[in-house]
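Here are my notes for someone opening this one for the first time. Have a look at the picture, then read on.

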Amino acid sequence: MKNLMSTLDREKLSSWRIYFETTARIQTVLERELKDQVNMHLGDYNVLLALTEAEGGKMRLGDLARTIVFSPARLTYLMRSLEQRGLVKRSADSDDRRGAYAMITRTGRLRFSKARAVHLKQINDLVLRDLEPEEALVLKRVFARVSEKIEHT
């Protein structure tokens with residue numbers, strides 16, 4: 001095993017670990033701030049973000065689950081909660097009875113707007129403000145490549 005661990009390998013593993021631990025910490029802070037300031041979970045925010053960005057504010061549930069990287073069961077559970085709070089509504093697909101759409105409501109848009117301000121402030125304070133433009137490009141290039149690799153596995 002020792003022969004497999006060159007200095008470069010140790011550096012890569014160290015980079016992975018700091019990335020893994022730091023992203024977990026960032027998500028914890030984002031979750032806490034959203035909950036404290038606008039009574040919203042990070043998963044709620046991600047659903048509302050995807051719907052806000054979608055054409056007409058609606059998406060098929062399967063597409064939404066893939067976009068936010070949730071299992072269908074987890075999305076179903078979350079959708080129930082979001083519907084009960086009036087942030088989204090579900091509707092049947094008139095062309096395909098097996099499918100359904102999620103649509104953001106007016107209330108959902110208003111709540112998302114408040115949450116977005118909190119979220120953007122936090123990501124700026126925690127990460128973006130201290131990130132040099134060339135560092136941002138490296139991160140984008142690395143994670144675009146990793147994302148592409150994952151898509152094809």
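1. A quick definition before anything else: two residues are in contact when they have heavy atoms within 4.5 Å of each other. Helices (H or I, at least four residues) and strands (E, at least two) are DSSP runs, numbered from the N terminus. You're looking at a predicted model, where local features need pLDDT of at least 70, side-chain atom pairs count only at pLDDT 80 or more, and totals for chains, interfaces and linings use all residues. Residues are numbered from 1 along each chain as its sequence is written, and side-chain values use heavy atoms, with hydrogens and water left out.

2. Start with the helix pair H2 and H5. On the H2 side, Leu 42, Tyr 45, Leu 48, Leu 49 and Thr 52 make the contacts, and they meet Gly 108, Arg 109, Phe 112, Ala 115, Arg 116 and His 119 of H5. The axes of H2 (residues 42-53) and H5 are 10 Å apart, at an angle of about 115 degrees. Axes here are lines fitted to C-alpha atoms, for helices over the stretch in contact, and angles run from 0 to 180 degrees between N-to-C directions. The two helices are therefore roughly perpendicular, a label for angles of 65 to 115 degrees (under 35 is roughly parallel, over 145 roughly antiparallel, the rest oblique).

3. Now for what is covered. Buried means under 20% relative accessible area, exposed over 50%, and partly exposed in between (1.4 Å probe, protein chains only). In H5 the buried residues are Gly 108, Phe 112, Ala 115, Val 118, His 119 and Gln 122. An α-helix has 3.6 residues a turn, so residues three or four places apart point the same way. The buried set of H2 is Leu 42, Gly 43, Asp 44, Tyr 45, Val 47, Leu 48, Ala 50 and Leu 51.

4. His 119 deserves a click. This H5 residue is buried, at 12% relative accessible area. Beyond its neighbours within four places in sequence, His 119 touches Leu 30, Leu 34, Leu 42 and Tyr 45.

5. On to the sheet, which is open, has 3 strands in the order S1-S3-S2 and pairs in the antiparallel sense. S1 and S2 stand at the edges with a single partner strand each, so one side of each has no neighbour in the sheet. Pairing needs at least two DSSP bridges; S1 (residues 58-60) and S3 have 3, while S2 (residues 88-92) and S3 have 5. Lys 58 is bridged to Met 103, and Ala 92 sits opposite Ala 100. In S3 (residues 100-104), 4 of 5 residues are buried. H2 lies across S1, S2 and S3, at about 95 degrees to S3.

6. Asn 39 has a phi near 50 degrees, positive although not a glycine, and is partly exposed at 47%. Val 69 has a positive phi as well, near 60 degrees, and is exposed at 69%.
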